[in-house]
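Notebook, today's entries. I looked up helix packing and the chain contact.

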Amino acid sequence: MLKIDKLEGGYGSVQILNGVSLAVARGQMVALLGGNGTGKSTLLKAISGLIKPWRGSISFDGERIDGLRPDLIVRRGLVQVTQGKEAYPALTVEENLRLGAHVRKDRAGVRRTLERVYEYFPILADKRRQHSATLSGGQLQMLCIGRGMMSEPKMMLLDEPSAALAPQVVLDIFRIIARICREGMTLLLVEQNVRMALLLAEYGYVIRDGVVHIEGPADRLISDDNVRLSYLGGTVADRDAAMNLRQ
Amino acid sequence: MQYFLDLLIVGLSIGMVYALVALGISFIYSGLDIVHFAHGEIYMIGAFIGVMLFKYTGMSYPVLLVASMILTGLIGVAIERIFYRRLTRAGGGYTVAGMGMIICGFGMSIVLQNVAYLIWGAKPLPFPVSFGMPLELTDALVLPRSYVWIVGVALVLMVALHLFLKHTRLGLAVRAVAANKEIAYLMGINVPLMISVLFGIGCALAAAAGVLVGPINYVQVLMGIGILIKAFAAAVVGGFGNLPGAVLGGLLVGITESLGAGYLSGSYKDIYAFILLIVVLMVRPAGILGVSVKAKA
C-alpha cells in the first residue's frame, strides 16, 4: 500500500532523513517509533507532501506520490491524522469534521460518514456546535481522528495520537485505533508510547538519526533490548560500556 | 434634528464605503498576513473599470457593479500571484517575513497609479449614472438614491460574505486556510487556490466601493490615497483583522467625519477620523472588537 525507498530530505540545508525505507501492506497496522528529534515528524511531512524529499521515492497504491501537492495526496486516499492540538480552535466540532471531508462532493455520503464518526465518538456528537477550543485533550484527539475518517481514506497516518494525554484517555484512544484497524483500514502509527504501539501493531520500525535503526514483527520488538534502549538514547554497546564503568 | 439626520445619512453612506475597503484590507490581513498598502489603488481601478463599462457597454448599474468586482478581483489575483507570492517564500511559502511585503505594497500602489494615469489620464472622469428622483422620506427629509444604493449594496455584500464564510464548503476552506495553511493542506484543501480566492474577494470588495462612490464623486487616479488612510483607520478602530470590526470601524469613521464636518468645521474634515482613531487606541489598544490573542476570520 505504502512503500518508502531510501528517502532523504530535510529543511533548508539541514538533512534530517538519511535514507529511510519502510513498507506498509494493505489492511496492516505498522508502528513507527523513535524519540524526539529522530526524524519521525519530518518523515510524516514528506509522506503528506508538506516538504519535498530530496532523494528516494514514496509510492502509494502503486503510484509515486513524492513531490505531489499535499491536497492531491489526500485526494488519493492517504490522510494524516494530526495531533489533537492541531484542530482548528475557532471552528466548531462539526466544522472541523466537515473540513476533513473537503475533498468529497457527495453531500449524502458526507452526512453518512459524519453519523458514523459520531457513532464512534458520541462525545463529539454532544459537542458538535461547540468551538473545539472548549474540548479536552482526549476529545481533541478524537476530533482529529474523526476528521481523518471524514474523507473515507484508504490509509491513515496517525501522528502521536497518545501525545500529552492521561493514561486512561490513552487507552480509550488506542481502543478506537484498534477498532478502525479491525474494520479494514491501513494504518501507520507514529508513536512515542512504544509498548502500547507495539501491542497493537503487527510490525514495527524504530527510526533513529533519520534512518531505520531496527525493524521487525511487533511481538519480537517488544522484548528487544535495543528497542527499549533506543528510547533512552543509547545502544546495547553503550549499556555494556556503562556496566563496565560501574565495575 | 433635521440637520443631524442629514449628516447621519451622509456619514452612514460614506462609512459603508470605508467599511467595504476596510473589510477587504482586514480580510486579506486575517487570511494572508499581508497588510495591503495598494488597496486604495485597487479601489481606484475598480471605479475606472466601472466607468469604462458604463461608457462603452451600456450595462445597467447592478450588472456593471458585479462585472467590475469580478474583473478587479481577477486583476488582484494576478497581482498577488505574480508579485506578492514570491515574497512569501521567505516565510515558508505561507506567510510574509519582514518588511518586504510593506515595501512591495507601497511600490505596487505607485505602479498602479501610474498605470492608471497612462491609461485614463489625469483628468477626473464623471460617472453619470442616473438613479432617478431622490426618495422623499418625509417632507423635509430627502434621500438621494445613490446613498440608498451605497448602503443597500454594501449590506448585501457584507451579508453575502458572511454567508459564504459560514455556510459553504468553499467558505469553510477559506477560513481554514486563514487560520492555518499547513493543516488546511492536510485536509486536502488546495491552499494556493484558496489564497487566490481570498485575495480576489478582498479586491472585489474594494472595487464595489469604488463603483459605489463613482457616481457621487468623480473618478480619478489619486482617489485611492485618501480612502486607504481612512480605511486603515477604520480597520484599526474596529480591530485589525476582525471582519465585523472593519464594518463597525468604517461606519464610526464615516459618521464621525460627517458630524465633525457638519458641526465643527468642514475644512478639518479629514482630521476627525484620526482623532477617533487616537481616542479608540488610547482606550482599547487592540481596537473595539479586537482581542489581544489573534482570532482569525
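I started with the buried residues of α5(B): they pack against α1 (2-32), α3 (61-87), β2 (142-143) and α8 (191-213) of chain B. The model is a predicted one. I then listed which residues of α5(B) are buried: Tyr147(B), Trp149(B), Ile150(B), Val153(B), Ala154(B), Leu157(B) and Leu161(B).

I checked the length of helix α5 (residues 145-167) of chain B next. Its 23 residues, at 1.5 Å a residue, should span 33 Å. The end C-alpha atoms are 32 Å apart, which agrees.

Next entry: a helix pair. I looked up helix α2 (residues 39-57) and helix α4 (residues 100-120), both of chain B; their axes come within 9 Å and cross at roughly 20°. I count α2(B) as roughly parallel to α4(B), because the angle is under 35 degrees. The crossing of α2(B) past α4(B) is left-handed.

Which residues meet there? From α2(B) I noted Gly40(B), Glu41(B), Met44(B), Ile45(B) and Phe48(B). They meet Ser109(B), Leu112(B), Gln113(B), Ala116(B) and Trp120(B) of α4(B). By class, the residues of this contact between α2(B) and α4(B) are six nonpolar, three polar and one charged.

Last entry: the chain contact. How many residues of chain B are in contact with chain A? I found 18 in chain B, in contact with 19 residues of chain A. On the side of chain B that touches chain A, α6 (169-179) and α7 (181-186) of chain B each supply at least two residues. The largest share of that side, six residues, comes from α6(B). I sorted the side of chain B that touches chain A by class: eleven nonpolar, three polar and four charged residues.

Notes
Residues are numbered from 1 along each chain as its sequence is written. Chains are lettered from A and ligands numbered from 1 in the order in which they are written. This is a predicted model: local features need pLDDT of at least 70, side-chain atom pairs count only at pLDDT 80 or more; totals for chains, interfaces and linings use all residues. Axes are lines fitted to C-alpha atoms, for helices over the stretch in contact, and angles run from 0 to 180 degrees between N-to-C directions. Helices (H or I, at least four residues) and strands (E, at least two) are DSSP runs, numbered from the N terminus. Angles under 35 degrees count as roughly parallel, over 145 as roughly antiparallel, 65 to 115 as roughly perpendicular and the rest as oblique. A crossing is left-handed if the near helix is turned anticlockwise from the far one by less than a right angle, and right-handed if clockwise. Two residues are in contact if their C-beta atoms, placed from the backbone, lie within 7 Å. Ala, Val, Leu, Ile, Met, Phe, Trp, Tyr, Cys and Pro count as nonpolar, Asp, Glu, Lys and Arg as charged, and the others, Gly among them, as polar. The expected span of a helix is 1.5 Å times one less than its number of residues. A residue is buried if 20 or more other C-beta atoms lie within 10 Å of its own, exposed if 12 or fewer, and partly exposed in between; C-beta atoms are placed from the backbone.
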